[in-house]
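Subject: Structure handover

Hi,

Here is the structure for you to look over. My notes follow below it.

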Amino acid sequence: MEIKVVKQILAWNEDVSESIRRLTESKHVAIINIMGSPGAGKTSLIKAVISGLREEYRIGVIEGDIAGQIDAEAIDSLGIPVVQLQTDGACHIEAMSIEKILPSFDLDALDVLLVENIGNLVCPAEFNIGEDFRVSILSIPEGDDKVAKYPLMFATTDALVLNKYDMLPYFDFDPVRVENDARDINPRVEIFPVSSKDNSGIPELLCWLRKNIDKKIKTKREGPV
Amino acid sequence: MHELAITEGIMEAAVPAAQAAGAKKILEIRLKIGELSGVLPEYIQEYFGIVSKGTIAEGAKLSVTRIPVGISCPDCGYKGEIKDKKIRCPECGGTDFKIISGREYYVDSLEVE
């Protein structure tokens with residue numbers, strides 16, 4: 001006997017993700033999902049973004065890690081509200097974990113919540129976590145074949161940050177190939193060559209972030225009508 | 001590793017539906033997976049053997065139908081499949097499209113007894 005089911009797998013994740021979006025909509029908070037390999041420079045980029053935007057926005061951070069709290073301590077030392085999310089071995093963050101952790105923040109006193117996802121180019125791409133947009137980081141030493149090898153990560157992102165761009169002379173990394181591969185699967189993606197070390201390219205990234213954050217929280221910044 | 005979460009999701013979709021229909025055993029679970037979904041069906045089969053042990057789904061076959069990427073293009077009005085690896089409107093080359101299929105991931109139907 002055949003039974004028709006037609007039931008979305010991971011439907012619960014999508015449902016929770018949607019409810020987070022509705023909540024942050026009402027609180028005028030933008031959530032940014034930051035993804036990339038271990039060592040791509042997610043934490044360093046977050047620090048650069050904090051220092052570039054903290055005068056204009058009230059920023060909070062969720063630090064996703066499989067274990068430990070080194071990254072959270074680094075953010076905490078900047079005086080930014082940070083909550084550590086330990087996944088106990090899981091390779092990605094799910095919407096449910098974000099929903100559970102949100103009450104640790106005073107959302108009325110926040111404009112932007114940066115979420116550092118688990119260092120991994122595969123699994124995190126599959127799970128929406130209630131974010132308003134995604135930023136994926138690929139660093140030069142990782143190689144220029146990564147976009148072609150991990151298409152979902154780069155097909156679903158809004159911005160592709162090519163980090164450690166100051167290392168370009170030392171690696172056989174073809175930025176044109178990466179750009180072509182990325183635009184093949186994601187024609188509207190914004191690409192930013194940056195170095196969080198010497199701050200090059202960071203102003204352009206900040207400019208794009210402001211535009212996208214404001215889209216979500218504009219009503220709050222203009223005050224009640 | 002997230003294939004494990006997905007495999008559990010398959011069980012959560014399939015087992016209650018089979019039980020509601022009074023089935024004793026699930027023989028086959030038919031999945032529809034979009035081409036843009038990053039899930040690898042071969043891993044799921046592997047996990048499924050473990051997760052389904054001792055349930056009415058134990059021993060069930062998983063079969064997968066892939067759903068091609070489809071777009072709707074506001075520039076020229078094209079609505080349909082993309083065959084090329086490049087995600088563009090095949091009619092006008094436009095990039096302002098909306099993806100209308102290819103990200104699906106669902107249990108379509110079951111064969112039970």
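This is a predicted model. Start with helix α7 of chain A, residues 175-185. Its buried residues are A:Val178, A:Ala182 and A:Ile185. They sit on the same side of α7(A), because they cover an arc of only 75° around the axis. What do they pack against?

Next, the contact between the chains. 23 residues of chain A are in contact with 26 residues of chain B. On the chain A side, β1 (2-8), α6 and α7 each give two or more residues. The largest share, seven residues, comes from β1(A). By class, this side of chain A has 15 nonpolar, two polar and six charged residues.

Five bridges join it to strand β6 of chain B, residues 105-112. The two strands run antiparallel. A:Lys7 stands opposite B:Val107 in β6(B).

Last, one residue in chain B. B:Ala60 is in the loop between α2 (41-51) and β2 (61-67) of that chain. Is B:Ala60 buried or exposed? It counts as buried, because it has 23 C-beta neighbours inside 10 Å, and the cut-off for buried is 20 or more. Leaving out residues up to four places away in sequence, B:Ala60 touches B:Ile26, B:Leu27, B:Glu28, B:Ile29 and B:Ser52. B:Gly93 is 33 residues from B:Ala60 in sequence and 43 Å from it in space, C-alpha to C-alpha.

Best wishes

Terms used
Residues are numbered from 1 along each chain as its sequence is written. Chains are lettered from A and ligands numbered from 1 in the order in which they are written. This is a predicted model: local features need pLDDT of at least 70, side-chain atom pairs count only at pLDDT 80 or more; totals for chains, interfaces and linings use all residues. A residue is buried if 20 or more other C-beta atoms lie within 10 Å of its own, exposed if 12 or fewer, and partly exposed in between; C-beta atoms are placed from the backbone. Helices (H or I, at least four residues) and strands (E, at least two) are DSSP runs, numbered from the N terminus. The arc is that of the directions from the helix axis to the C-beta atoms. Two residues are in contact if their C-beta atoms, placed from the backbone, lie within 7 Å. Ala, Val, Leu, Ile, Met, Phe, Trp, Tyr, Cys and Pro count as nonpolar, Asp, Glu, Lys and Arg as charged, and the others, Gly among them, as polar. Two strands pair if DSSP finds at least two bridges between them.
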